Amino acid sequence: MRLTILGGGGFRVPLVYRALLDDPARPVSEVTLYDTDPVRVRVIAGILARLAEGRPEPVAVRVARDLEDALTGADFVFSAIRVGGTAGRIRDERIPLSEGVLGQETVGAGGVLYGLRTIPVALRIAERVAALAPEAWVINFTNPAGMVTEAMSQVLGDRVIGICDSPVGLVRRAARAAGADPAAGQDPGRVSYDYVGLNHLGWLRALSVDGVELLPGLLADDTALGSFEEGRLFGADWLRALGALPNEYLHYYYFRRETLHSLRDTDETRGEFLDQQQGRFFERAAAADGPEAAYTLWERTRLEREETYMAHSREAGGGWQRDSHDLEGGGYDRVALALMHAIAGNTGARLILNVRNGTTVPQLAPDAIVETVCEVGSTGARPLPCGPLREDQLGLMLQVKAVERAAVEAATFKDRDAALRALALHPLVDSPAVAARILERAAGEE
């Protein structure tokens, strides 16, 4: 199979390639990289060459001339683009913060601004895939993943599937904290879970291993809850009140005052940190003395990036360091590889994915993208039935889904009213007047 990576000069591309090299099944025969930044894609291609050294029959890598060259003949397409680069992300963060509301890459006003900028490009990519590789499966990494996947599905239908590593990371950490046999995680037949929501807004509501339900015992155990990220982030009392384990990004909603305070007081947003870090990395890697030096620099930079992930939320939650288990990197790469295996091998694997709702959440439209447990085979991903949502869960999903769909409408039809609605209706934006100012400033700084 041929795999094309759009955003092939992205910093995390080596994680995907390393996962392919480590996969004994080797389902992919060739990886094609495409990026609008020739310097970055050249650096990443060099790091992939270093990863391939000493490997028997490594997966071939080539750099595409243009988008048409990249897509023609592809069986799978990974879309991992960042429209506007890290400079765009900084604007998405700083403009809302200047108005006293949350600025974050995928959440709140920042997420809406990022979606408005990204969706038109994602739609053009979807149209080119439909024309040049109509049988290809598109696996969307591009944030905001739910919003972008929903836009692309207007063109590609069920042949675009969004992925995120937050849900599977939550399941893994919760199972470990509950004392589950580590080997159980390697055997999908032994583990069962109920997870439902939207991208970066979901809840783990049941978790069982070998038929034994673990979540009630975990929620009752303060020590166990304090042993993993989400337990420390949300606190035992609040988790017991919820009766579920929320996705880490729900911290921005449940603790909006604390996270906003932490972000407003910071000298450097996450986007500003990454802009400087990534800029330094690519500059030094491009001038490095050979692939070994570039790879060493990449590994050191990757570890620093993982250590600082969601640092402001951890600060708002009391301040603590990430577990060593979560500094290995990856997650996206493993989910993507599992998804490719399931489709190519018709395995029926169960994965948490971003797909069309169907009847999973009856209160949402059938074509709305939800993040939930799916069964995956040669015909794609089918969302599995889930238990009824609590009113608080459903209410938040409905409101944020209205925001996402308004943003897709605004970006698709250049509709300012829909853009204003997307911003003003977000739970983390407290005034239509604020939303209007954010929208005007974002338009003026593009």
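Select tryptophan 238 in this predicted model: the residue is partly exposed, with a relative accessible area of 34%. Tryptophan 238 belongs to helix H11 (residues 236-242).

How are the two rings arranged? Their centres lie 5.3 Å apart and their planes stand at 75 degrees; because an angle over 60 degrees counts as edge-to-face, the pair of tryptophan 238 and tyrosine 254 is edge-to-face.

The structure contains 10 aromatic pairs. For another of them, select phenylalanine 11 and tryptophan 298, whose ring centres are 5.9 Å apart with planes at 40 degrees, so this pair is tilted. The two residues connect distant parts of the chain: phenylalanine 11 sits in the loop between strand S1 (2-6) and helix H1 (13-22), while tryptophan 298 sits in helix H15 (residues 291-307), 287 residues apart. Phenylalanine 11 is buried at 5% relative accessibility, and tryptophan 298 is buried at 0%.

Now extend the selection to Phe281, Phe282 and Tyr295, which ring pairs link with Phe11 and Trp298 into a cluster. From tyrosine 295, turn to arginine 50, which lies over the face of that ring, 4.4 Å from its centre. A further arginine to select is arginine 159, placed over the face of tryptophan 137 at 4.0 Å from the ring centre.

Finally, select glycine 345 in helix H17 (residues 332-345). Glycine 345 is partly exposed, at 45% relative accessibility. Lysine 401 is 56 residues from glycine 345 in sequence and 33 Å from it in space, C-alpha to C-alpha.

Key
Residues are numbered from 1 along each chain as its sequence is written. This is a predicted model: local features need pLDDT of at least 70, side-chain atom pairs count only at pLDDT 80 or more; totals for chains, interfaces and linings use all residues. Side-chain values use heavy atoms; hydrogens and water are left out. Helices (H or I, at least four residues) and strands (E, at least two) are DSSP runs, numbered from the N terminus. Buried means under 20% relative accessible area, exposed over 50%, partly exposed in between (1.4 Å probe, protein chains only). Rings of Phe, Tyr and Trp (its six-membered ring) pair if their centres lie within 6.5 Å; planes under 30 degrees apart count as stacked, over 60 as edge-to-face and the rest as tilted. A charge sits over a ring if NZ of Lys or CZ of Arg is within 6 Å of the ring centre and within 35 degrees of the ring normal.
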